[in-house]
Amino acid sequence: MSTRLYLDIPLAAGSTLALPPGAARHVQVRRLQPGHALVLFDGGGAEWPAEIVAMGRSEVTVRVGEPQAVERELPFAATLAVGMPANDRMDALVEKATELGVAAIQPLVCERSVLRLDGERAERKQAHWQAVAVAACEQCGRTRVPRIQPVRPLAAWLGALPAEQDLGTRLLLSPRPGARPLAERLPAGAGFCTLSGPEGGLSPAEEAAAVAAGFAAVCLGPRVLRADTAPLAVLGWAGLRV
């Protein structure tokens, strides 16, 4: 399988271009040489075959071929709004959600969050998670990169959601009595947004605010899943039903 690289620049058939520093380092680490084939994508839904034509100490030059339309996306938009799990679990969640086809991820700070980010630290984490999503796309064959949204407090995010915003079916993952099975709330092939809490879950007040914003409480069965497992379970289950 040819090395796949995401370039955040418009691509054009027949052009010759120098790869950006990060992509050039990736090629050099792989010890590729002039004549080796690459596959480039710019997030627009196509793949561009390319060939390495020159390598310098820090520069790699490639020639871009004709674009090839491919479709490896889910037929619906899935958004995960997640109370950020601590340590490296958010990295893994972003990686696996990208592989499973997520369209966007909204990191949230909740009442019970262990990981609390704001300001410059939040911006650095957002950029890091966006890079994780790019790397996952390069590996799994996607040509569209999911959006990692800026970190926001849950209350502010809910308050900014207009009732008519098209998020698809709004689902609140909840272990509380009264939550209905996921299969009863999410039709096959429907777009959706799931809201899930961090370690310790959402508080009763947060769940009430989510319900007021149009989220329906759903459960995933008798077992308690980790904060980084539950949203992935929904995404994987929905993807298998199309």
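Predicted model: local features only at pLDDT ≥ 70, side-chain atom pairs only at ≥ 80, totals over all residues.
Residues are numbered from 1 along each chain as its sequence is written, and side-chain values use heavy atoms, with hydrogens and water left out.

Let's start with Glu 47 and Arg 4, whose side chains meet in a salt bridge at 3.0 Å, N to O. Glu 47 sits in strand E4 (residues 46-55) and Arg 4 in strand E1 (residues 3-6), so this pair ties together parts 43 residues apart in sequence. Strands (E, at least two residues) and helices (H or I, at least four) are DSSP runs, numbered from the N terminus. Glu 47 is buried, at 9% relative accessible area, and Arg 4 is buried at 5%. Buried means under 20% relative accessible area, exposed over 50%, and partly exposed in between (1.4 Å probe, protein chains only).

Glu 47 also pairs with Arg 72, with the closest N and O atoms 2.8 Å apart. Arg 72 lies in the loop between strand E6 (68-69) and strand E7 (78-83), and is partly exposed at 42%.

The structure holds nine salt bridges. Another one joins Arg 176 and Glu 207, at 3.2 Å between the closest N and O atoms. Glu 207, in helix H6 (residues 204-212), is buried at 8%, whereas Arg 176 is partly exposed at 33%.

Technical notes. Salt bridge = Lys/Arg side-chain N within 4 Å of Asp/Glu carboxyl O.
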